[in-house]
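Here are some exercises on reading a protein model with two chains. Try each task yourself before you look at the solution.

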Amino acid sequence: MSDAYVSLQQLTLAYGDSIAVPDLDLDINEGELITLLGPSGCGKTTTMRAIAGLMQPKSGRIFIDGVDVTRVSANKRQIGLVFQSYALFPHLSAYENVAFGLRLRRVASHQIQQQVNQGLERVGLQQLATRKPAELSGGQQQRLALARSLVMQPKVLLLDEPLSNLDAKLRLEMRSELQRLQRETAITMVFVTHDQSEALALADRIVLMSDGHIAQLGTAEELYNAPDTVFAADFMGFENIFKVADERDGLCYLAGRDSDVSARLEIAGSSEAGYLAWRPAAVSVGQGQHRGEVRSVAFAGETREYVIECTIGFVKAQVPVGNRVHAVGDVVDFELSLSTARPLRD
Amino acid sequence: MTQLWLSRLVIFLTLTFLIGPFFIIIFAGLSAGSSLAFPPDGLSLKWYLAVFEVESFRKSFILSMFLAVGGTLTALVLGVPAAYALSRYKLPFGETIKLIVAAPIIVPGIIVGLALLRYLVVPLDFTVTMALFLAHTALVLPYAVRVVSASLQNLRVDMEEAAVLLGCSRLGAFSRVVLPNIQGGILAAFILGFVTSFNQVPVSLFLSGPGVRTLPIDMIAYMEITYDPSVAALSALLAFLSIGIVFVAERFLGFSRYV
Ligand SMILES: Nc1ncnc2c1ncn2[C@@H]1O[C@H](COP(=O)(O)OP(=O)(O)OP(=O)(O)O)[C@@H](O)[C@H]1O
Ligand SMILES: [Mg+2]
């Protein structure tokens, strides 16, 4: 047994005969905010439901705070879950929604009142205590769902894409509010999202999932700067990923990621890696060893984004707006250099 | 212009056929004469009062009330969990069960009545009241399951899961979260079931014994012997009762949302 606060050990989760998450190992530290990040259907919700006890694992164990809770039923685990849909109780007022769990615990009534008011205040809803959920805005509902879970002081708070129903501005607001709440309460949180920028902004550590496996686990910076695999790089915004088809005499020969075109692009230097990847910002345009034709230009505020077609496929480049402007159809030089490349495996 | 007149005519005819009979019985019951006739033979309230004097009407009214209230409540006790199970779990033969539950609506009442008489009352020595109770429960069950299912459909499963994570048992989640949110549907099912059972004729026709008759059957029997306006008066009173119930339900519940 590890000394992690939450520990998933060889967890296999299945719906009937179809296995959604095979053999997952994951340790989460106390007071940490960890993100499960991954594309749709990779098993984020499934993993979370297993931690909460809403789903029995096919095999493996779950430890929370040193106790094996694998067979403990969901209502005894003291885990909070904020659903994507919030799952508020429509027949109860905001106040009663927050009081719901405390009443079940048979907390004394003056304490309930105090804790509920405190909980509502913490998310800025004290003025709206008597409203029904249907009379609250999306952001307010979201905060109410948070307050309802937080007031129970759960051992772990699980959040399943809680921000995905909000508009962009509100999402940013709630994001920082969540961070504030996490700092204040020091509750261990698992945050599910398929938005990489959200994961990067929020998390102490990110668990990148793919098809029920952990593709990579690390701090936001580690994942952002140093993805290990093609999948991770793809997800973290490395839009130019090329296969190292051949390597000799101090030159690397690049080919399209999965094209069978025989064309090669040579770059100086040697690499052991199976693939090389560049962010659009790492591609320089206007000078360099390679040549291609501009297929599209898009203005994006601080930068201009080019799609350049060359022999092995499309290269995406992002250059400061101050640089010389190229038009669609122009033939331009560009540079993919080994020093700015991220080596990857499959 | 002709179009306008045409549509007015259609509306007029429709209303005449729907509401006309209702006015006819109201006025037929107001007759001062002693035989059922329209237009009434003078005006008086005596037949409306006479209704309450007929011993057999009183008995059969009580029986009908008992069947409508008791049968509907029993149907709800069975139907609410059934609707819940059908909507929440993938049951083996779920579709078949739904079909069987709906059968009493599809199968003609006469057949249901005859079958109950032939295979329950006669060979098993069921009392007529018991058979009636069973029959009315079965007849109301499909409505109970359907109406309650419809309101369960609008209730997301994750709400119950949220309740469980806050410390409820599954049963606790059902009573604290599911029931309060479908109570409108349950009340609607009750009213629908009550009216269905109270007005039920074909099944009850077969299931009547000495002194045991539902009110509609009793009214038919009464008319065969005595052709006076009291039957019309009673019908009008019953219609007012139904209208009153539906009106109150609509007013306080938005009944029409559920049916
Ligand atoms: N109730 C279910 N029955 C059968 N298979 C399911 C069920 N729920 C999910 N799955 C399958 O399990 C896998 C993981 O699903 P899960 O919901 O955990 O994905 P997710 O990462 O949360 O995706 P999303 O970002 O879309 O919410 C998917 O392949 C999905 O098809
Ligand atoms: Mg999900």
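Predicted model: local features only at pLDDT ≥ 70, side-chain atom pairs only at ≥ 80, totals over all residues.

**Exercise 1. Getting to know chain B**

Task: Find how many helices and strands chain B has, and which helix has the lowest mean pLDDT.

Solution: 
- Step 1. Go through the elements of chain B: there are 11 helices and zero strands.
- Step 2. Look at the extent of the C-alpha trace of chain B, which spans about 70 × 65 × 30 Å along its principal axes.
- Step 3. Check the confidence. Chain B has a mean pLDDT of 86, with 97% of its residues at 70 or more.
- Step 4. Helix α4 (residues 94–106) of chain B comes out lowest, at 81, while helix α7 (residues 157–165) of chain B is highest, at 93.

**Exercise 2. The two domains of chain B**

Task: Describe the contact between domain 1 and domain 2 of chain B, and say which three residues of domain 1 supply 63% of the area it buries there.

Solution: 
- Step 1. Find who takes part. Domain 1 of chain B brings 10 residues to the contact, and domain 2 of chain B brings 10 residues.
- Step 2. Work out the buried area, which is about 790 Å², with 81% from carbon and sulfur atoms.
- Step 3. Look for charged and polar links. Between these domains of chain B there are zero salt bridges, and the rule finds zero residue pairs in polar contact, counting pairs with both residues at pLDDT 80 or more. By class, the domain 1 side has five nonpolar, five polar and no charged residues.

**Exercise 3. Where the chains meet**

Task: Find how many salt bridges there are between chain A and chain B, and which residues form a salt bridge.

Solution: 
- Step 1. Count the residues in contact: 19 from chain A and 16 from chain B.
- Step 2. Take the buried area between chain A and chain B, about 1,600 Å², 69% of it on carbon and sulfur atoms. On the chain A side, Asn75(A), His91(A) and Leu104(A) supply 31%, more than any other three residues.
- Step 3. Search for salt bridges. The count between chain A and chain B is one. Glu161(B) pairs with Arg49(A), and their closest N and O atoms are 2.7 Å apart, inside the 4 Å cut-off for a salt bridge.
- Step 4. See which element of chain A gives the most to the side touching chain B: α2(A), with three residues.
- Step 5. Sort the chain A side by class: 13 nonpolar, four polar and two charged residues.

Notes. Residues numbered from 1 in each chain as written. Chains lettered and ligands numbered in written order. Heavy atoms only, no water. Contact = heavy atoms within 4.5 Å. Buried area = accessible area lost by both parts, 1.4 Å probe. Salt bridge = Lys/Arg side-chain N within 4 Å of Asp/Glu carboxyl O. Polar contact = N/O pair within 3.5 Å; in protein donor to acceptor, adjacent residues only side chain to side chain. Nonpolar A, V, L, I, M, F, W, Y, C, P; charged D, E, K, R; others polar. pLDDT = per-residue confidence, 0-100. Helix = DSSP H or I, 4+ residues; strand = E, 2+ residues; numbered from the N terminus.
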